[in-house]
There are 4 protein chains.
Amino acid sequence: MKGFASDNYSGAHPEVLTAMLEANGAHTAAYGADPWSDRARELLRAHFGEQAQSFLVWNGTGANVCILRAMCRPWQAVVCAASAHINVDEGGAPEFLVGTKLLDLPTPDGKLTPELVERAVIRVGDEHAVQARVISVTQSTELGTLYTVEELRALADFAHARGMYLHVDGARLANAAAALGLPLRAFTTDAGVDAVSFGGTKNGMVSGEAVVLLAPELAEGFPWIRKQSMQLASKGRFLAAQFVAMLEGDLWLRSAQHSNAMGARLAAAVGEIPGVRITQAAQANVVFAILDPAVTARLQEEWPFYVWDEASGEVRWMCSWDTTPEEVDAFAAAITSKFAAPD
Amino acid sequence: MKGFASDNYSGAHPEVLTAMLEANGAHTAAYGADPWSDRARELLRAHFGEQAQSFLVWNGTGANVCILRAMCRPWQAVVCAASAHINVDEGGAPEFLVGTKLLDLPTPDGKLTPELVERAVIRVGDEHAVQARVISVTQSTELGTLYTVEELRALADFAHARGMYLHVDGARLANAAAALGLPLRAFTTDAGVDAVSFGGTKNGMVSGEAVVLLAPELAEGFPWIRKQSMQLASKGRFLAAQFVAMLEGDLWLRSAQHSNAMGARLAAAVGEIPGVRITQAAQANVVFAILDPAVTARLQEEWPFYVWDEASGEVRWMCSWDTTPEEVDAFAAAITSKFAAPD
Amino acid sequence: MKGFASDNYSGAHPEVLTAMLEANGAHTAAYGADPWSDRARELLRAHFGEQAQSFLVWNGTGANVCILRAMCRPWQAVVCAASAHINVDEGGAPEFLVGTKLLDLPTPDGKLTPELVERAVIRVGDEHAVQARVISVTQSTELGTLYTVEELRALADFAHARGMYLHVDGARLANAAAALGLPLRAFTTDAGVDAVSFGGTKNGMVSGEAVVLLAPELAEGFPWIRKQSMQLASKGRFLAAQFVAMLEGDLWLRSAQHSNAMGARLAAAVGEIPGVRITQAAQANVVFAILDPAVTARLQEEWPFYVWDEASGEVRWMCSWDTTPEEVDAFAAAITSKFAAPD
Amino acid sequence: MKGFASDNYSGAHPEVLTAMLEANGAHTAAYGADPWSDRARELLRAHFGEQAQSFLVWNGTGANVCILRAMCRPWQAVVCAASAHINVDEGGAPEFLVGTKLLDLPTPDGKLTPELVERAVIRVGDEHAVQARVISVTQSTELGTLYTVEELRALADFAHARGMYLHVDGARLANAAAALGLPLRAFTTDAGVDAVSFGGTKNGMVSGEAVVLLAPELAEGFPWIRKQSMQLASKGRFLAAQFVAMLEGDLWLRSAQHSNAMGARLAAAVGEIPGVRITQAAQANVVFAILDPAVTARLQEEWPFYVWDEASGEVRWMCSWDTTPEEVDAFAAAITSKFAAPD
């Protein structure tokens, strides 16, 4: 039985591993100058538009930090939600490597709006204050919510009117595409996004994220940023082959649709359990809920998952590309049973 | 036909990929809290000694930089050979992330000695000058040469007498073990080395290096250094399973012995070709030689390899775990033929 | 007529300039190895206790950043009030130079409490999260409020119980001493503070702040931190002579007592003006108040001062060592007249 | 009797201190928005040309680092002489704050040439290698030598042809102007220099250097660079008033001419002493010489000066704006006497 701790607890999709095996064998140029890397870049252009300049990196923190290094000088600042991964789960890498301040804003649902961002775009031109340069959003968010195309467009317009950039942390961008029922470019490139990370790991890869730069000037120094940030793989074919496996057909979408469906199934099932209060719209592959901490504790003895907020008792239940309907149902049944009677 | 450009041009050993496939499947804890990671740490202790605290990272630059971050504050400096990978091939990552100055010393053979290092350990206690804190050597070196146990011990003693650390960049540590005919700990832990990176990628892995900390105080903040340096893999089992495949039996040693043997075969073969002058002792898996640039150019049309020094015409011929004797012989024959007559 | 914009708008006390003139003349060793610097260190020990190790620097941002560099590694974090100078007025220097995240907490009065700080000391031991290492408070605060000895002691105890440090930004430490009626050490050294900056500039010096380290281990690398942070004055005698002038007698205290008295006089005078609402306890040399923005605008045409919060209409009126009672009275009268009738 | 240790051992010229006294008194805007700062900027434009955008900072390291931060991203590198102040005397501040690598080249006389620089402008476009972006020279050099206008022009042309900048560390720029007999702009602005620091401290100020930006794009983010680098003075009038005193008339030039003349007098005097070998052309205010270390030791008991190179016995004798002919003659006589007979 799998748990609901994290989509990082799952392994890799068999098709991804098969692609790595097939990429093995002969010698090929290192550092991304190989045919698999060429093909991955081509596929990313097909999905994000011809202007998309892409660079593969090891992980999500690496993708975000490299993009922010391209967008910011150290006296410029990044506006983000207080719940953003860059703010709370990257070990201070953005501050350390970009040298910049994150202007983090509390939100009810993990989503920024122009009205919220405006509070952080202050003291413009004042040399004593960092200058807001980037709006960074996560799609789908860390709280499992979604930005609509219109909401992203509004943020992009707000940013561009002030000489700022819009960055999307897309560790779960595939889940957003699946949930919105839109091609990737519709809510990135076509919505005015300047750069996006396109996550592979959580969606069934061994490892690997794609940095997709849409504002052309961001690419200028990017090869050096990636290298200096220690995110350049030597045997680049193995990162690239995974992305080719994901993007050549619809594996990326199928996997995300499935984990979203499991999230919805779980939300539906637990929403009916008295004592469980769902706290966020379960729009992607995760459910947030508040329940009795004593029940949580008993449940965690059998099913791994994380408490999100000790104070409120809020928990996070994350579905993955390999979560099965049976597991969802068994988990919901377990919750019910833990309420019914202590073991 | 493969070339002699880089051991990064080769793919992964089939046993490594098989191990990744076998590690796939169930859910397991992320970020190194899985059984494969436990086993990898156990095996690394078996090879390097019980005090070895190990951390897997993505790549060699990541391993070196994380170790140096543990050893240095930004006003402390790292003494290294001018030819060191950290000095010329890591895109300035050490300066950027450690914040420190590299005190690089010219050497004839890529090797530091206490006499050389002494030149950089100056102005001790002078607040205007960076203070040498680390001696960093590469084993086997970027020039294919080797440190003996005694040479490493002398550097360690020199370092420790001055409150300094000895770091070994072991991107090709397996080749050194094979060439010296010694267990790994004999020329690291037992020689007084404080921390070593143990390379996997060049020796037949998909990716992955192990940071092995031998001075216990270095481990204190290391989990945060690794995370903040963006070197923590989420699906850690896939890095760990590769190391288990390498270290459980003797795959790591077999592969290194083979690439060394190919290096020796190549050195022997080309050493007899008039017009080819071998410039470094070919003690590991690489041959450096000077030959007529016109010959080099004709040869590169068919066989990929790198010119190391445009000025002198020195080239680098690197053998890999998958280089065959036939390829070595064919390459040596091709060199001879290129000298004989322009195509 | 002087305004109420900033204590940085005032010049230097004549006794300070006289001391600089007297220090001029002969040759003396540079970089703090001169008799004036010796004497300044001696006087700082007299005021802060024998364990006080002091280092003079150029300015307040320099003092704060150097102390935080001594206290933190980049993955450790600094807990501070959202209104702290380090958080909003140092151009992102703490993030850039320390590499660290500031965990800024909203407060009603610019003051931290153990209860507030506790919210930021979370995820201890979690490698994905920065680890709170320093509590940083300002005394007197940016909002003109004061910590009592007991409040500081409680923060120090909280910090030390968790392996953390307590830092005091003392840009206006003299004002706090004057307001509390206590010697400097009573609410720093004796209250468990680990390091404090002791401000000179705002209190009547040309420039210069003293870093006073009370936890002995902080001094170990400090000469290099100061130099590398570009805060080491070459003709150190001129910084030191100013501090000697301040501390040899009671100039530091007289000046602070005077500016505090002017703050109190101003608070008393404007507190009676209908339409002016004082928003913070005016415990030091500054008054915060909310009044009609139209009145503010008319007033600023004649008297320079800053609007603190555009949204609420809150303004800041700062008194200096050279503010006169006549100026305070004239300013209060001007406020009254601006309410009475538009010019 | 003064020594020959450093021009930082001297105090401030009385006219400078008088100017500070005269700037004292009334309230004025802080952070460089005062009339003295306006006047200093105006005078710097008069000396360096209308395009000169200037920013006052605390010290020479601050000036150099701020300029390099404006010129470089962290993966770009700075080519300098091995003897450059930024390379050996700034405590690693350039690496730490700019994040960059210094590509330091050995020189016989502290001077770079296009031929020398060319060796460091390698691997252009190679993402594994830092990319040379700045040529940094010192005028007059740390070894007391001078660049001619033609030499500087050649370096500027070399730089600009490769998209690089030319930076001049002008801690002793006034000495260069005096020695060349040229206006400041003739060998900076008019020679193609992109940015220069114009030193005040060593030439008789209390403290203060001017950053003079000549390539207009460098000024864009400079106010934030200065603030974030902790180089923005709050009571800016006191830095500015000193520069006004220096530049309003010819104090800057008179002082430099005098210290140069003392340097020449010293070189002439000691050049005739058997056993003293002058090692560098004494073109500015300093003399380098090799003599018997035993003589050096006896001499240092009475006259402070620095040994430059322990290995060779080379010493540095620095003259200042306040060095007198009598002191030069007495020092030369002392050298002769120390050779004659041990005390």
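Predicted model: local features only at pLDDT ≥ 70, side-chain atom pairs only at ≥ 80, totals over all residues.
Student: How should I read the size of an interface, and what area do chain B and chain A bury between them?

Tutor: The general idea is that the size of an interface is often given as the accessible area lost when the parts come together. Here, chain B and chain A bury about 4,100 Å² between them, with carbon and sulfur atoms giving 60% of it, and the contact takes in 50 residues of chain B and 49 residues of chain A. On the chain B side, the residues that lose the most area to chain A are His27(B), Met230(B) and Lys235(B), which together make up 20% of what that side buries.

Student: What does the contact of chain B with chain D look like in those terms, and how many salt bridges are counted there?

Tutor: The area buried between chain B and chain D is about 1,300 Å², 45% of it from carbon and sulfur atoms, with 19 residues of chain B in contact with 19 residues of chain D. In chain B, Gly91(B), Glu95(B) and Lys101(B) lose the most area to chain D, and together they account for 34% of what that side buries. The salt bridges counted between chain B and chain D are four, and one pairing across these chains is that of Arg123(D) with Asp89(B), whose closest N and O atoms are 2.6 Å apart.

Student: When two helices pack, how do I describe their arrangement, and at what angle do helix 12 and helix 13 of chain A pack?

Tutor: One reads the angle, the axis distance and the hand of the crossing. In chain A, helix 12 (residues 293-300) and helix 13 (residues 325-340) pack at an angle of about 130°, with their axes 9 Å apart, and the two helices are therefore oblique to each other. Their crossing is right-handed. Helix 12 of chain A contributes Val295(A), Arg298(A) and Leu299(A) to the contact, while helix 13 of chain A contributes Phe331(A), Ala334(A), Ile335(A), Lys338(A) and Phe339(A); by class, this contact has six nonpolar, no polar and two charged residues.

Student: Turning to the backbone, which residues does a cis peptide bond join in chain A, and what is phi of Met230(B) near?

Tutor: As a background, most residues other than glycine have a negative phi, and most peptide bonds are trans. In chain A, a cis peptide bond joins Gln139(A) and Ser140(A), with omega at about -15°, and Ser140(A) is found in the loop between strand 4 (131-138) and helix 7 (149-161) of chain A. In chain D, a cis peptide bond joins Gln139(D) and Ser140(D), omega being about -15°. Met230(B) has a phi near 65°, a positive value in a residue other than glycine, and Met230(B) is found in the loop between helix 9 (222-228) and helix 10 (237-248) of chain B.

Definitions and conventions: Residues numbered from 1 in each chain as written. Chains lettered and ligands numbered in written order. Heavy atoms only, no water. Axes fitted to C-alpha atoms, helices over the stretch in contact; angles between N-to-C directions. Helix = DSSP H or I, 4+ residues; strand = E, 2+ residues; numbered from the N terminus. Parallel < 35°, antiparallel > 145°, perpendicular 65-115°, else oblique. Left-handed = near helix turned anticlockwise from the far one by under 90°. Contact = heavy atoms within 4.5 Å. Nonpolar A, V, L, I, M, F, W, Y, C, P; charged D, E, K, R; others polar. Buried area = accessible area lost by both parts, 1.4 Å probe. Salt bridge = Lys/Arg side-chain N within 4 Å of Asp/Glu carboxyl O.
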